[in-house]
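User: I would like to go through a structure with you. Could you take my questions one at a time?

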Amino acid sequence: MLAVRNDLIKQNPTAIKALIKGMMKAQLMAENQPEEALKILVGPFYKTTIENARVAMNKQRSVVDARSQTQFILDRVDSIKEMGYINGKPGRDAIDWTLLEATIAENKGLWSEAEYKST
């Protein structure tokens, strides 16, 4: 999941789209070369064993295109609020897929290669 401040989206949408494109490439690597992806990620980014990361990777896929999960994401906000990370519960307007959709439109070939996506 990527969270970005509204002012940053307005100031530099190109950078946000480049980040989303990088996330799409990372998803493809996880799908097509999972062992290589794990070798890169385990240690510096995930403090676990390769074996545990492999199990986790197979149980919860990395998916950039989570548009179909909008309501699920909003429903999970209650636990984040209960933990004290946020004060108020955001509404539906807190999730904006515009830059994801623009990045998909600009990178149709890359997006079409992904196995896991909303549409």
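Analyst: The answers below concern the chain as a whole, then its surface, its salt bridges and some individual residues.

User: Before we start, what kind of model is this?
Analyst: This is a predicted model.

User: How many helices and strands are there in the chain?
Analyst: The chain has 8 helices and 0 strands. Along the sequence the pattern reads α-α-α-α-α-α-α-α.

User: And what box do the C-alpha atoms fill?
Analyst: Along the principal axes, the box is roughly 40 × 35 × 25 Å.

User: What share of the residues counts as buried?
Analyst: Of the 119 residues in the chain, 26% are classed as buried. As for the surface, the chain exposes about 8,500 Å², and 54% of that area comes from carbon and sulfur atoms.

User: What about contacts between residues 24 or more positions apart?
Analyst: Such pairs make up 59% of the contacts in the chain that have a separation of 6 or more.

User: Where do the charges sit, on average?
Analyst: The chain carries 17 positive and 15 negative charges, and their mean positions are 2 Å apart.

User: Which residues form a nonpolar patch on the surface?
Analyst: Ile80, Met83 and Tyr85 form one, with about 360 Å² of accessible area together. Ile80 belongs to helix H6, which spans residues 77-82.

User: Why can Ile80 be called partly exposed?
Analyst: Ile80 has a relative accessible area of 34%.

User: Changing topic: how many salt bridges does the structure hold?
Analyst: There are 7 salt bridges in the structure. One of them pairs Asp7 with Arg5, and their closest N and O atoms are 3.0 Å apart.

User: Are those two residues buried or exposed?
Analyst: Asp7 is partly exposed, at 35% relative accessible area. Arg5 has 54% relative accessibility and counts as exposed, because the limit for that class is over 50%.

User: Which residue does Arg54 pair with?
Analyst: Arg54 forms a salt bridge with Glu35, and the closest N and O atoms are 2.8 Å apart. This pair links distant parts of the chain, with Arg54 in helix H4 (residues 50-59) and Glu35 in helix H3 (residues 34-41), 19 residues apart. Both partners are partly exposed: Arg54 has 31% relative accessibility, and Glu35 has a relative accessible area of 33%.

User: What does Arg67 do?
Analyst: The side chain of Arg67 meets that of Glu101 in a salt bridge, at 3.5 Å from N to O. Here too the pair links distant parts of the chain, 34 residues apart. Arg67 lies in the loop between H4 and helix H5 (70-75), and Glu101 lies in helix H7 (residues 98-106). Salt bridges with shared partners also join Asp65, Arg67 and Glu101 into one network.

User: How accessible is Glu101?
Analyst: Glu101 counts as partly exposed, at 38% relative accessibility.

User: Now Ile50. Where is it, and what does it touch?
Analyst: Ile50 is located in helix H4. Leaving out residues up to four places away in sequence, Ile50 touches Glu35, Leu38, Lys39 and Val42. Glu35 is also the salt-bridge partner of Arg54.

User: Is Ile50 buried or partly exposed?
Analyst: Ile50 counts as partly exposed, with 26% relative accessibility; the buried class requires a value under 20%.

User: How far is Ile50 from Asn107?
Analyst: The two are 57 residues apart in sequence and 31 Å apart in space, C-alpha to C-alpha.

User: What about Leu19 and Thr103?
Analyst: They are 84 residues apart along the chain, and their C-alpha atoms are separated by 9.6 Å. Leu19 sits in helix H2, residues 13-32, and is partly exposed at 43% relative accessibility.

User: Last one: where does Val63 lie, and what is it in contact with?
Analyst: Val63 lies in the loop between H4 and H5. Apart from neighbours within four places in sequence, Val63 is in contact with Gln27, Tyr116 and Lys117. Its relative accessible area is 36%, so Val63 is partly exposed.

User: And how far is Val63 from Leu41?
Analyst: The C-alpha atoms of Val63 and Leu41 are separated by 16 Å, and the two residues are 22 residues apart along the chain.

How values were computed
Residues numbered from 1 in each chain as written. Predicted model: local features only at pLDDT ≥ 70, side-chain atom pairs only at ≥ 80, totals over all residues. Heavy atoms only, no water. Helix = DSSP H or I, 4+ residues; strand = E, 2+ residues; numbered from the N terminus. Buried < 20%, exposed > 50% of the residue type's maximum accessible area, 1.4 Å probe, protein only. Contact = heavy atoms within 4.5 Å. Areas by Shrake-Rupley, 256 points an atom, 1.4 Å probe, with all protein chains shown as cover. Lys, Arg positive; Asp, Glu negative; His and termini not counted. Charge placed at Lys NZ, Arg CZ, Asp CG, Glu CD. Patch = residues over 30% accessible without salt bridge, like charges linked within 9 Å, V, L, I, M, F, W, Y side chains within 5 Å. Salt bridge = Lys/Arg side-chain N within 4 Å of Asp/Glu carboxyl O.
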